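Here is a short report on one protein chain. Look over the sequence and the 3D view before reading on.

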Amino acid sequence: MTRTIRILLHSTAAVLMINGYHGLTKLPINTFISSQYGGHLQYLTIQGLTLDLIPSMSTLKSLKRILLYISMPLSIVISSIYWPLLLLATQLILQSDGEPSSSSEASQLVRIPLHLDLALHAVPAITLLADFLLFERKYSRAELLYGAPTVSILYTIFYAWWVERCASFNDGRFPYPFLTDNPIEARLAIYAGAGTLAFSSFWLINKLHP
């Protein structure tokens, strides 16, 4: 029964996430995103979605444990940053259809339908949390002290390098306005803060594991 529930959880999540991405590619904004250097992979959400689908589909337990190092905290970071900004400072998270600027009016910001929003920015975090807390064993002290921070640091460095490279080819336009509108010093602080949030969330979730 437990195995059946787990398969059902991941199958449902995979269908929702794949449909969410497919729906995103049908929106008018897709033409602009696809024309940019890096395309959809500039976005942390899409990177997280790709990593989330691998644990959902993988039958190799050891591989899944390693990928959870990245995918679970990454999904938490995405949801933790995206939803508060969407509700409280929309202009900092949503792109406008014109020149990059956080001063754009809300009506000019590119929004996606709620069902796609939930599939991309809520389903991954909810699914991985449920899977880890209900079906996975908690990580050991050694894994928390060495594995988790190492993965967090490496992925933070990779994404910072990648998104800065993409922006250099896209006329200084980043995938998120809160990066576009800040100088390099502030962006470095944002990257470091996101990496710290990823590790802290991983540590906290593991601690809450029964």
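## Ground rules

This is a predicted model, in which local features need pLDDT of at least 70 and side-chain atom pairs count only at pLDDT 80 or more, while totals for chains, interfaces and linings use all residues. Residues are numbered from 1 along each chain as its sequence is written, and side-chain values use heavy atoms, with hydrogens and water left out.

## Transmembrane spans in the record

An unreviewed UniProt entry lists residues 66-94, 114-135, 144-162 and 188-205 under "transmembrane region". UniProt positions follow the numbering used here, feature names are shortened, and annotations may be inferred rather than shown by experiment.

Two of these spans can be set beside the model. Residues 188-205 are 100% helix and 0% strand, with end C-alpha atoms 26 Å apart. Residues 114-135 are 95% helix and 0% strand, and their end C-alpha atoms lie 29 Å apart. Helices (H or I, at least four residues) and strands (E, at least two) are DSSP runs, numbered from the N terminus.

## The nonpolar cores

A nonpolar core is a set of buried Ala, Val, Leu, Ile, Met, Phe, Trp, Tyr and Cys residues joined through side-chain atoms within 4.5 Å. Buried means under 20% relative accessible area, exposed means over 50%, and partly exposed is in between (1.4 Å probe, protein chains only). The largest core has 43 residues. Leu44, Ile93, Tyr176 and Leu179 have the most contacts inside it. Several helices give two or more residues to this core, including H1 (2-24), H3 (44-57) and H9 (184-208). Helix H4 gives the largest share, eight residues.

As for Ile93, its contacts (heavy atoms within 4.5 Å) include Tyr82, Leu85, Tyr176 and Phe178, leaving aside neighbours within four places in sequence.

Is Thr45 buried or exposed? Thr45 counts as buried, at 8% relative accessibility. Thr45 is found in helix H3. Its side chain makes a polar contact with the side chain of His121 (3.2 Å). A polar contact is a pair of N or O atoms within 3.5 Å; within protein, one must be able to donate a hydrogen and the other to accept it, and residues adjacent in sequence count only if both atoms are side-chain atoms.

Leu208, in helix H9, is exposed, with a relative accessible area of 60%. Leu208 and Ile18 are 190 residues apart in sequence and 29 Å apart in space, C-alpha to C-alpha.

## Aromatic rings

Rings of Phe, Tyr and Trp (its six-membered ring) pair if their centres lie within 6.5 Å; planes under 30 degrees apart count as stacked, over 60 as edge-to-face and the rest as tilted. The whole structure has twelve such pairs. Tyr37 and Phe169 are stacked, because their ring centres are 4.4 Å apart and their planes are at 20 degrees. Tyr37 sits in the loop between H2 and H3, and Phe169 in helix H7, 132 residues apart. Tyr37 is partly exposed at 29%, and Phe169 is partly exposed at 47%.

Tyr139 and Phe202 form a tilted pair, 5.0 Å centre to centre, with 50 degrees between the planes. Both residues are buried.
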